[in-house]
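Let's walk through this structure together, one region at a time. Have the sequence and the model open side by side as you read.

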Amino acid sequence: MAGFVESAEPFLRYLEHWHEHLKEESLDELIAGKPERVAVVCVDVIVGFCKEGPLASPRVDTIVEPIVRLFTALHERGVKHFVLPQDTHEPDAVEFMSYPPHCIRGTIEAETVPELQALPFSDKFTIIEKNALSAFVDTSLPAWVREHPEVDTYIVTGDCTDLCTYNLALHLRMDANARQLERRVVLAEDCVDTFDIPVETAQQLGIRPHPGDFHHLVFLHHMEQNGVEIVKGLA
Ligand SMILES: [Zn+2]
């Protein structure tokens, strides 16, 4: 594919500009006086991706504080639906063919990060166990969504942008499209991130590279193209 890198450059510059100009949205406008119609979904903000373990990333850990702020602001405004799909693997998970063993049931890695656990309303969290990058495949999330038809606004947060967050946001969107539902799927960019493995580091370690900024922006843009609203933050 001759000229691939050169031909991609204008798009990468466009992406950078697009990202810099994302806008904050008002939480009060989003809720519009109807907190019962709003749910926040927070995927994989657990110890194994934020704090410790083979897949933990300091870059991903930086989203915890904005998520705590967002959860607090939502709770103050009467929102009651806090849905947390989380990796809960058995030791023989098939996914471990692609990723090193992580977030095994009963280990510290599979626990919600302590900052979210410390929230006074953490007993209201709905934890959804999952065994794959998709929070919808073979989990209790599809049933939760169908049992809450009054919820027409889903706020998406969590990690990783190009993996579980992407699968979650797209599935929420596709589910609404397929069933002709008027639903907003709004992703708060300051509450979403992915890990970073530069090419040079990957070559030294003999693993697959994963440039964080590149994947973050390309997947955010892809989600927007498919009807997910991307905002800088919600305050
Ligand atoms: Zn996993």
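The buried residues of helix 8 are Cys-164, Thr-165, Leu-168, Ala-169, Leu-170, Leu-172, Arg-173, Asp-175 and Ala-176, where buried means under 20% relative accessible area, exposed over 50% and partly exposed in between, with a 1.4 Å probe and protein chains only. Helices (H or I, at least four residues) and strands (E, at least two) are DSSP runs, numbered from the N terminus. The model is predicted, so local features need pLDDT of at least 70 and side-chain atom pairs count only at pLDDT 80 or more, while totals for chains, interfaces and linings use all residues. Residues are numbered from 1 along each chain as its sequence is written, and side-chain values use heavy atoms, with hydrogens and water left out.

Helix 8 spans residues 164-178, and its 15 residues reach 20 Å from first C-alpha to last, close to the expected 21 Å; that expectation is 1.5 Å times one less than the number of residues. Its buried residues pack against strand 1 (38-43), strand 3 (125-130), helix 7 (141-147), strand 4 (153-159), strand 5 (184-193) and helix 10 (212-225). Just after helix 8, you will find Gln-180 with a positive phi of about 60°.

Now to the metal. Which residues coordinate the zinc ion? They are Asp-87 (OD), His-89 (NE2), Glu-95 (OE) and His-102 (NE2), at 2.0 to 2.1 Å. Donors here are N, O and S atoms within 2.8 Å of the metal (3.2 Å for Na, K and Ca), and as water is not among the atoms, sites may look incomplete. Along the chain, the donors follow the spacing D-x1-H-x5-E-x6-H. His-89 and His-102 both lie in the loop between strand 2 and helix 6, so the pair ties together parts that are 13 residues apart in sequence. His-89 counts as buried because its relative accessibility is 0%, and His-102 is buried too, at 2%.

The loop between strand 2 (81-87) and helix 6 (114-117) also holds Thr-112. Its relative accessibility is 9%, so Thr-112 counts as buried. Leaving aside neighbours within four places in sequence, Thr-112 is in contact (heavy atoms within 4.5 Å) with Val-45, Ile-46, Val-47, Leu-84, Gln-86, Gln-117 and Ile-127.

Finally, look at His-19 in helix 1 (residues 4-20). His-19 and Leu-217 are 198 residues apart in sequence, yet their C-alpha atoms are 7.1 Å apart in space. Not counting residues up to four places away in sequence, His-19 touches Glu-189, His-216, Leu-217 and Lys-232.
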